Amino acid sequence: NGRVSEFEIDFCFETARLMQYNTDAWSIRGFSRKLTAMVRIDWVSSCQECNLGEFAVTTLVGAAGLMIGLAFGAVTRWSDFCALGALADISIYGDFRRLRCWLLAIVTAVGGTHAFHWAGVIDIYDSIYLGSNLGWFGAIFGGLIFGYGTVMARGCGGRSLIRAAGGDLRSLVSLLALGIFAYMTLRGLTGAAREWMEGGSNLDLAQWQLQSQGIPEFIARVLGVQSELVRIGLSLIVIAGGVWYCFEDKAFRSSPKHVIAGLAIGAMVTLGWMATGVLGFDEFEPVALMSLSFVRPVGDGLQYLMTFTGATISFGVAVIAGIILGGFAVATANRTFRIDGFKNAREMSDYMTGGALMGVGGVMALGCTIGQGVTGIATLSLGSLLAVGGIVAGGAVAISRMGLDPAEEALSAPAGE
């Protein structure tokens, strides 16, 4: 239009300043963060011209979270997506399709997350997954007990929400235990023990001149190159390798349900970053950068139900509500909705214990099979990798001990069949 915007002026000024005075990785990172902030401000200004600025930031983020949750609930219920269920498929039937579905979700999330990061739309270093304080013990130990609890409760937090939306009262009890114990571990009775363990085991990476716990930062430190260049190369390797592994299998290629679910769930994680990082951007009170995760949000949801008056709905709580609605809609549409209860006291004990273990472990590990297993891994975080390793190991032990049969836990069989 022949005019020069303030964004363009600021961008040219910062680029010239960087080229003239600083070229090291640390100043490049600082420049990247400034560029991200400028892009966000420019985008928000455009939104205001479209009347989106009339809504509060929390309203926009909550609405986006609800929509993402609806899609996640519908896709997960329809496809029977389950990360640890994939391990049971492999150990019992030798079926790798759900594992490849999970990996495709990770690959999609890695691509989308880094595309937004490099475009300056979000700065993934603002997320909890790339802090300079590496909680290796919490990631591993928390992951182990979370994974074990997931099998006991017949599903992680996300899957338990889907099962509860389909009428499974057992999963509802598990979710109550998960939410209560998650809050106890955050700031309640067991919170002091968690803080003591973290205080004695967390590693401050800044003393090794590492700005974050991203895997590219460790590689760049060893090789003596810029971390962002390593991040570009590593993310491309992960994407290419993941796509090849998923689609070289004919059984997976021939299963549209698994392919669509993997792509969709990875895309939802990317949209989650967009919702909190762009719609949630505010110069004075920005929303914390986050995406899909189902441990703390379950606890937040319980608290929101009890303190609704005067409370503000968060992105995580809105996603939880959307998942329940989306799962219920699909369960009703495909006639899989049915009320299920406990068969005996032992089963009730398993679900309650499993929920409690997921609450404690999920807080210690900073996430679940989605929160760390897709969202966290999408940032190429070492802490996320350790947590996922713990979750898989804990789940594998529980599956071998309990003899879980995926066919008995499937969500796809209509009522009466």
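**Exercise 1.** In this predicted model, work out what span helix H6 (residues 136–152) should have, and compare that with how far apart its end C-alpha atoms are.

*Solution.* Begin with the term itself: helices are DSSP runs of H or I with at least four residues, strands are runs of E with at least two, and both are numbered from the N terminus. The expected span is 1.5 Å times one less than the number of residues, so the 17 residues of H6 should span 24 Å. The end C-alpha atoms of H6 are 24 Å apart, which agrees with that value.

Residues are numbered from 1 along each chain as its sequence is written. Local features need pLDDT of at least 70, side-chain atom pairs count only at pLDDT 80 or more, totals for chains, interfaces and linings use all residues, and side-chain values use heavy atoms, with hydrogens and water left out.

**Exercise 2.** Name some buried residues of H6, and state what covers them.

*Solution.* Buried means under 20% relative accessible area, exposed over 50%, and partly exposed in between (1.4 Å probe, protein chains only). Among the buried residues of H6 are Gly138, Ile145, Phe146 and Met152. Their cover, where contact means heavy atoms within 4.5 Å, includes helix H4 (83–93), H16 and helix H18 (382–402).

**Exercise 3.** Locate Gln209 and Leu366, and describe their phi angles.

*Solution.* Most residues other than glycine have a negative phi. Gln209, however, has a positive phi of about 60 degrees; this residue lies in the loop between strand S2 (203–204) and helix H10 (215–223), and is partly exposed at 46%. Leu366 has a positive phi of about 65 degrees, sits in the loop between helix H16 (345–365) and helix H17 (371–376), and is partly exposed at 45%.
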